[in-house]
Amino acid sequence: MTADAPTSSSAEPAESVEPVATGEPAAEETLSGRRLLPGQRCRIRVWDRATGEIRTVHETTERLYEAPNWSADGRLLVNADGLLFWLPADGSGAPALLEVPGLPPVNNDHVLAPDGSAIFASANDFHIWEVPLTGPDAAGTPRRITPDDGALHFLHGISPDGTTLAYVHLAPEGDDWWARGTIHLIGVDGTGDRAVTTDPGPADGSEYMPDGEWILFNTEQFSELPGHAQLARVRPDGSELEQLTVDERVNWFPHIAPTGDVAVYLSFEPGTTGHPENRQVELRMVEVGAWQEPRTLMALHGGQGTINVPSWAPDGSGFAFVDYPLD
């Protein structure tokens with residue numbers, strides 16, 4: 001199946017004609033371990049909720065970008081090569097490096113403070129860091145949030161009031177990183193770290209609902225088949241755990257719209273383990289309250305890096321994602 005091939009009864013709308021940024025900052029040494037394959041492109045794209053159209057806001061064969069966040073001032077935050085970049089969500093400019101001296105190389109788990117005052121990011125030292133924003137293109141001194149508790153910490157969500165982070169807490173056993181993968185909460189000041197889920201998991205993709213009353217995530221705890229992740233929700237106090245999707249596909253990274261009525265998530269083919277790169281995947285949308293009735297928005301070549309973190313526009317008018325088509 002080619003990138004963006006429709007898999008539901010309705011075909012994907014034709015792309016609108018929009019400017020595509022093609023300028024590319026100088027390549028840095030790859031720190032993330034991911035490179036584009038020969039003949040592969042990286043496209044940062046936006047899905048418009050009102051029209052269903054998809055715009056490509058940046059396309060490159062030089063650098064592998066991942067995991068957009070959408071800021072209140074109309075920009076996308078992405079990562080590549082262990083670094084953070086801003087670019088306009090309207091496609092009017094290329095990614096620009098955000099220089100953050102003292103920040104370890106980052107991965108594709110990062111979120112924005114609701115008030116726009118900071119970026120929170122998982123780094124390759126397996127800790128979560130705060131990056132204060134001192135201007136549109138300037139950052140202050142980063143600060144590590146997570147403790148030295150022997151675990152690996154991967155960020156995925158922030159509470160609506162900006163005080164608490166939801167993250168994945170991995171406690172490896174030998175070479176098995178996922179021996180225990182649970183959802184934790186921690187204050188942005190580094191206090192109050194606690195487990196929300198207790199099943200060894202694996203669990204991932206934890207994200208608050210807009211009212212702060214629930215945390216969405218994906219987990220394998222409802223299946224005896226290794227790798228068979230489904231979407232679930234739980235109260236922040238760990239109560240009322242509930243499975244949401246029940247199907248043969250492997251479902252990851254639920255992202256609720258700021259309007260609170262729909263969510264988009266990444267769906268892998270049956271039998272997939274983890275959230276690998278370079279797979280034929282689907283972006284699916286579901287109405288809150290009808291979790292077992294999703295519709296496929298599009299099929300694409302992607303997976304890892306496509307939509308790992310919250311990427312909705314603050315007004316809920318659309319969301320950003322990344323695909324990696326092979327020519």
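The points below cover salt bridges, a strand hairpin and one threonine.

This is a predicted model, in which local features need pLDDT of at least 70, side-chain atom pairs count only at pLDDT 80 or more, and totals for chains, interfaces and linings use all residues. Residues are numbered from 1 along each chain as its sequence is written, and side-chain values use heavy atoms, with hydrogens and water left out.

**Salt bridges**
- The count comes to 17 salt bridges (a side-chain nitrogen of Lys or Arg within 4 Å of a carboxyl oxygen of Asp or Glu).
- Asp323 forms a salt bridge with Arg43 at 2.8 Å, N to O.
- Asp323 lies in strand E24 (residues 318-323) and Arg43 in strand E1 (residues 42-48), so this pair ties together parts 280 residues apart in sequence; strands are DSSP runs of at least two residues, numbered from the N terminus.
- Asp323 also meets Arg45 in a salt bridge (3.3 Å, N to O).
- Asp323 is buried, with a relative accessible area of 0%, where buried means under 20% with a 1.4 Å probe, protein chains only.

- Five of the five residues of strand E3 (residues 66-70) are buried, so E3 is largely enclosed by the rest of the structure.
- E3 pairs with strand E4 (residues 75-80) in the antiparallel sense over three bridges; pairing requires at least two DSSP bridges.
- Four residues separate the two strands of the hairpin, and Gly74 in the turn has a positive phi of about 80 degrees.

**Thr219**
- Thr219 lies in strand E17 (residues 215-219) and is buried, at 1% relative accessible area.

Definitions and conventions
Buried < 20%, exposed > 50% of the residue type's maximum accessible area, 1.4 Å probe, protein only.
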